[in-house]
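I opened my notebook to go through one structure, step by step. Here is what I looked up, in the order I looked.

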Amino acid sequence: MTSYHVAVDHIDPDTLETTSTYLGTCGQAHADEMRAIAALPDTERHVKEHPRLDGAFMVLRDDGDLDVYVPVDAAEYRVYEPDPDAKSLQVMPRGASGPAYIDGAVRFGSQSIGGAMDTPGNPPRATWHTTESPAGGSYFTSIAAYLMRVGAEPQVIYDPVTDRIGQLGPLTSSARALKNDGTRRTNREGKVNIQVEVLGRAASPWTKGFDPASKPNFRRLIAAMRAHGIPDVWPAGKPPATAALAGSGARSRTTWQSKGGHYAHAQVPGNDHWDPGAIDTGIVPGKATSDSGTPPGGNAGSSSTYTVKKGDTLSAIAKKHGTTVAKLVSLNGLKNPDKLTVGQKLTLPGAASTPAAQHEPFPGAAFFHTGRTSQIVTAMGRRLVAEGCGKYKSGPGPNWTLADKASYAAWQRKLGYTGAAADGIPGKTSWDKLRVPKSL
């Protein structure tokens, strides 16, 4: 009979710091009992097998904690270490055209999970996974703890029930959620490879009943992907609806390595999972513009978070914030609306507003002068680097400098401007052609 080391991983909801508490060892009988409890149809616990350690497993808990069971005789396992300079990709990525972080995303862990891409000259892409777990409640936190525990972090985790979004690393760095294809490092394929673990199961596509108009964080995620130049296409076709279809020639190396766009985990060569299932490609990524309603990536208002206090009821919170109990239950995946916990975080719905433009409008030539500090300057600089016109020794950054002026002059010359016309001061025609992403 096997004995197990037992621990509990806890992510503090306020500081987001992870603590692991070792509880000692247990026997096979106790481990079997925990598996049996998690298998009950009405349980709020869910077993996740360790992908690299035979016999090891973890129990996702509805309260956000993670129970860990590792055989005492298990061999040590290792995952690849992040690049030594991975932290530099968090702040000022070289050659990036989009953001390193999504506005409002919860940041878990050290944010150093990968490094620079192996093939930055290849097209950008997004890879979609499912966690094969419940969604809603506090599974968002326990899933983050699990992914960090097993060293299989994507850049992004997303809960379609609560619209909560988190990052385990910057979008401009590689992730660790894919297997290599021989010596080809699939995590590092393309200009970017933004990987998203969606809380849900492949057999029950999470897009069923999903309305992007009521999910501002989902739209921010899609907008960030577009800012990185990821096209709204599925080069390998729609995600396979079954495991059998995933194994019938869906993993083309030629397509994966040469075409940018959105991919299912089931379409990545060298991998054997069939997630995320038959998700609706009309929603993921959807259309960049829409004849009616708010486009994916538009701004339909910002959600906010409320911390439950002693004596709070869901009806009182709903009344105070101008919403309904039903909306709060749906948005937060509440299984027992009558039972709130002091300190519990509730997502509040945002109000609708005018869709945001995808690109920064020309701010006028007078905007660009010494002393100007703006994120627009940073976004412009990143686009100039992406176009091969960067003249920066460091950066780009938010302060307008001579390096920005020299870089923009290089862009003007690339467009065919000559002489005094390539003066490094943006004009409307050259600015519109640069397509600087709108700040998220």
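Predicted model: local features only at pLDDT ≥ 70, side-chain atom pairs only at ≥ 80, totals over all residues.

**Entry 1**

I began with Glu49, which forms a salt bridge with Arg35, the closest N and O atoms being 2.7 Å apart. The term stands for a side-chain nitrogen of Lys or Arg within 4 Å of a carboxyl oxygen of Asp or Glu. Glu49 is in strand β3 (residues 45–49) and Arg35 in helix α1 (residues 28–39), so the pair ties together parts that are 14 residues apart in sequence. Helices (H or I, at least four residues) and strands (E, at least two) are DSSP runs, numbered from the N terminus. I noted Glu49 as partly exposed because its relative accessibility is 42%; Arg35, at 26%, is partly exposed too. For these words, buried means under 20% relative accessible area, exposed over 50%, and partly exposed in between (1.4 Å probe, protein chains only).

**Entry 2: a note on the model**

Residues are numbered from 1 along each chain as its sequence is written, and side-chain values use heavy atoms, with hydrogens and water left out.

**Entry 3: further salt bridges**

How many salt bridges does the structure hold? I found 16. In one of them Arg188 meets Asp83, at 3.1 Å from N to O. Arg188 sits in the loop between β9 and β10 and Asp83 in the loop between β5 (66–71) and α2 (88–91), so this pair ties together parts 105 residues apart in sequence. Is Arg188 buried or exposed? Arg188 is buried, because its relative accessible area is 3%, whereas Asp83 is partly exposed at 21%.

**Entry 4: the cores**

Next I looked for nonpolar cores, that is, sets of buried Ala, Val, Leu, Ile, Met, Phe, Trp, Tyr and Cys residues joined through side-chain atoms within 4.5 Å. The largest has 27 residues, and Trp128, Val196, Phe218 and Met225 have the most contacts inside it. At least two residues of this core come from each of β7 (125–130), β8 (156–159), β10 (193–198) and α4 (216–227). The largest share, 5 residues, is from α4. Another core, of 22 residues, lies apart from this one and includes Leu66 and Phe140.

**Entry 5: helix α4**

I stayed with α4, where 12 of its 12 residues are buried. They pack against β7, β8, β9 (164–167), β10 and β11 (261–264). After α4 comes Gly229, whose phi is positive, near 90°.

**Entry 6: rings**

A search of the whole structure gave me 15 aromatic pairs. Rings of Phe, Tyr and Trp (its six-membered ring) pair if their centres lie within 6.5 Å; planes under 30 degrees apart count as stacked, over 60 as edge-to-face and the rest as tilted. Why is the pair of Trp206 and Phe210 edge-to-face? Their planes are at 85°, with the ring centres 5.1 Å apart, so the pair is edge-to-face. Trp206 is buried, with a relative accessible area of 7%. I also saw that ring pairs link Trp128, Tyr158, Trp206, Phe210 and Phe218 into a cluster.

Notes
Contact = heavy atoms within 4.5 Å.
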